[in-house]
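Q: I have a structure open and have not looked at it before. Can you walk me through it?

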Amino acid sequence: MAMRVAAAAAAAAVAEPRGLRRLFSISSFIPPLAAAAAAASPPAEPSTNLFVSGLSKRTTTEKLYEAFSQFGQVVHARVVTDRVSGYSKGFGFVKYATIEEAGAGIQGMDGKFLDGWVIFAEYAKPRPPHPQFENSGTPSYGRQ
DNA sequence: CGTGAGCGA
């Protein structure tokens, strides 16, 4: 006489893109040393340059720019692509006007979906000055 | 094969 209530079938329907499944390596034990707690996930230094990864192969710079412009003033955005093939490498860089906007952009776009793929936004690592001068030869030519 | 970790012309 009891009707079967089967209304719980719309669960676990996560719009998950095929592939790219994060492997959660759960440590079954916690080291007695509390010093290991600082090695969980060391964030990079706060910078206006943001490193965005997890981008789709079809995602372009404009998509990145418009996606991150919602959380701050994006000074410049670029999707790393190969000059030889011309295809996107799968990651890009977004530069905000200030660091506070950069943080807002990370907290606002990190772990979000873009073009059907989960993207990750974090501070980019500092880089040496761009070699505007295409001087053929190694910079350290004839080091003492 | 545009494959999927990763840091750029």
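Q: What does Phe 68 touch, leaving out residues up to four places away in sequence?
A: This is a predicted model. In it, Phe 68 touches Val 52, Val 74, Val 94, Tyr 96, Gly 105, Met 109, Ile 119 and Ala 121, with residues up to four places away in sequence not counted.

Q: Which residues have the most contacts inside the largest nonpolar core?
A: Those are Val 52, Leu 64, Phe 68 and Val 94, in a core of 18 residues.

Q: And which elements supply at least two residues of this core each?
A: Strand 1, helix 1, strand 2 (74–81), strand 3, helix 2 and strand 5 each do.

Q: Let's step back. How many helices and strands are there in chain A?
A: Chain A has two helices and five strands. From the N terminus on, the order is β-α-β-β-α-β-β.

Q: What share of chain A is buried?
A: Of its 144 residues, 22% count as buried. Chain A exposes about 12,000 Å², and carbon and sulfur atoms supply 57% of that area.

Q: How about contacts in chain A between residues at least 6 apart in sequence: what share joins residues at least 24 apart?
A: That share is 64%.

Q: Back to helix 2. Which of its residues are buried?
A: Helix 2 covers residues 99–109, and Ala 102, Gly 103, Gly 105, Ile 106, Gly 108 and Met 109 are buried there.

Q: What do they pack against?
A: The buried residues of helix 2 pack against strand 1 (49–53), helix 1 (61–68), strand 3 (88–96), strand 4 (112–114) and strand 5 (117–123).

Q: What comes just after helix 2?
A: Gly 111 is there, with a positive phi of about 90 degrees.

Q: New topic, rings. How many aromatic pairs are there?
A: The count is four aromatic pairs. One of them is Phe 51 with Phe 91: the ring centres are 5.6 Å apart and the planes are at 50 degrees, so this pair is tilted.

Q: Why does that pair tie together parts that are apart in sequence?
A: Because Phe 51 lies in strand 1 and Phe 91 in strand 3, the pair joins parts that are 40 residues apart in sequence.

Q: What are the relative accessible areas of Phe 51 and Phe 91?
A: Phe 51 has 21%, so it is partly exposed. Phe 91 is partly exposed as well, with 25%.

Q: What does Phe 91 form with Phe 93?
A: Phe 91 and Phe 93 form an edge-to-face aromatic pair, 6.3 Å centre to centre with 90 degrees between the planes. Phe 93 has 30% relative accessibility and counts as partly exposed. Ring pairs link Phe 51, Phe 91 and Phe 93 into a cluster.

Q: One more residue. Where is Ser 88, and is it buried or exposed?
A: Ser 88 is in strand 3. Its relative accessible area is 15%, and under 20% means buried, so Ser 88 is buried.

Q: What lies 3.4 Å from a polar atom of its side chain?
A: The backbone oxygen of Lys 57 does. Ser 88 touches Lys 57, Thr 59, Val 79, Val 80 and Thr 81, again not counting residues up to four places away in sequence.

Methods: Residues are numbered from 1 along each chain as its sequence is written. Chains are lettered from A and ligands numbered from 1 in the order in which they are written. This is a predicted model: local features need pLDDT of at least 70, side-chain atom pairs count only at pLDDT 80 or more; totals for chains, interfaces and linings use all residues. Side-chain values use heavy atoms; hydrogens and water are left out. Helices (H or I, at least four residues) and strands (E, at least two) are DSSP runs, numbered from the N terminus. Buried means under 20% relative accessible area, exposed over 50%, partly exposed in between (1.4 Å probe, protein chains only). Contact means heavy atoms within 4.5 Å. Accessible areas come from the Shrake-Rupley method with a 1.4 Å probe; for residues, only the protein chains shown count as cover. Rings of Phe, Tyr and Trp (its six-membered ring) pair if their centres lie within 6.5 Å; planes under 30 degrees apart count as stacked, over 60 as edge-to-face and the rest as tilted. A nonpolar core is a set of buried Ala, Val, Leu, Ile, Met, Phe, Trp, Tyr and Cys residues joined through side-chain atoms within 4.5 Å. A polar contact is a pair of N or O atoms within 3.5 Å; within protein, one must be able to donate a hydrogen and the other to accept it, and residues adjacent in sequence count only if both atoms are side-chain atoms.
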